[in-house]
Amino acid sequence: MNPTEFYKNLADDIRLKSILLIAEEGELCVCELMAALAESSQPKISRHLAVLKSSGLLLTRKQKQWVFYSINPDVATWAQQVISLTLKENINFITPHLQALHLMGARPERIATCCE
């Protein structure tokens with residue numbers, strides 16, 4: 001992935017917040033992202049995640065009918081560093097979303113609530 005493609009993928013608010021939330025949490029499913037982002041449209045979140053996955057930024061892990069998204073460890077080192085630095089230097093950007101996510105409870109209870 002070249003820098004233009006990388007930054008285009010993160011130019012959308014939902015995609016950027018999703019990447020940062022996933023980077024912070026390790027992995028998230030669509031229902032967790034819906035709660036964190038206060039977005040009631042599952043197809044909208046899924047569409048944005050599909051863009052990130054098709055670009056190679058995210059990987060998926062399927063558990064029953066649920067799909068969990070994580071940062072692809074094979075993404076170029078510079079891209080991983082950009083994501084990590086953006087998260088570290090801008091944690092306040094996603095703090096309200098992390099708080100909303102944590103209102104769902106901790107894992108594995110949170111997963112049992114929305115993913116089973």
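Contact here means heavy atoms within 4.5 Å. Helices (H or I, at least four residues) and strands (E, at least two) are DSSP runs, numbered from the N terminus.

## Basis of the model

The model is predicted: local features need pLDDT of at least 70, side-chain atom pairs count only at pLDDT 80 or more, and totals for chains, interfaces and linings use all residues. Residues are numbered from 1 along each chain as its sequence is written, and side-chain values use heavy atoms, with hydrogens and water left out.

## Helix α1 against α5

Pro3, Phe6 and Tyr7 of α1 are in contact with Trp78, Ala79, Val82 and Ile83 of α5. The residues of this α1–α5 contact comprise seven nonpolar, no polar and no charged; Ala, Val, Leu, Ile, Met, Phe, Trp, Tyr, Cys and Pro count as nonpolar, Asp, Glu, Lys and Arg as charged, and the others, Gly among them, as polar.

Two packed helices are described by the angle between their axes and the distance between the axes. Axes are lines fitted to C-alpha atoms, for helices over the stretch in contact, and angles run from 0 to 180 degrees between N-to-C directions. For α1 and α5 the packing angle is about 30 degrees and the axes are 11 Å apart. This makes α1 roughly parallel to α5, where angles under 35 degrees count as roughly parallel, over 145 as roughly antiparallel, 65 to 115 as roughly perpendicular and the rest as oblique.

Helix α2 (residues 13-25) packs on helix α5 (residues 77-89) at an angle of about 85 degrees, the axes being 10 Å apart. That makes α2 roughly perpendicular to α5. On the α2 side, Ile19, Leu20, Ala23 and Glu24 meet Ile83, Thr86 and Leu87 of α5. Five of the residues in the contact of α2 with α5 are nonpolar, one is polar and one is charged.

The axes of α1 and α2 cross at roughly 95 degrees and come within 6 Å. The two helices, α1 and α2, are therefore roughly perpendicular to each other. Here Lys8, Asn9 and Leu10 in α1 meet Arg15, Leu16 and Ile19 in α2. The residues of the contact of α1 with α2 divide into three nonpolar, one polar and two charged.

## Nonpolar core

The largest nonpolar core holds 26 residues, and Leu21, Ile45, Leu49 and Leu57 have the most contacts inside it. Such a core is a set of buried Ala, Val, Leu, Ile, Met, Phe, Trp, Tyr and Cys residues joined through side-chain atoms within 4.5 Å. Buried means under 20% relative accessible area, exposed over 50%, and partly exposed in between (1.4 Å probe, protein chains only).

Leaving aside neighbours within four places in sequence, the contacts of Leu57 include Met1, Phe6, Leu10, Ile19, Ile71, Val75 and Ile83.

## Loop residues

Pro73 lies in the loop between β3 (66-71) and α5 and is exposed, with a relative accessible area of 56%. Not counting residues up to four places away in sequence, Pro73 touches Leu59 and Gln80. The C-alpha atoms of Pro73 and Gly56, 17 residues apart along the chain, are separated by 9.8 Å.

Most residues other than glycine have a negative phi. Ala38, in the loop between α3 and α4, has a positive phi near 50 degrees and is exposed at a relative accessible area of 70%. Lys64, in the loop between β2 (58-63) and β3, has a positive phi near 55 degrees and is exposed at a relative accessible area of 61%.
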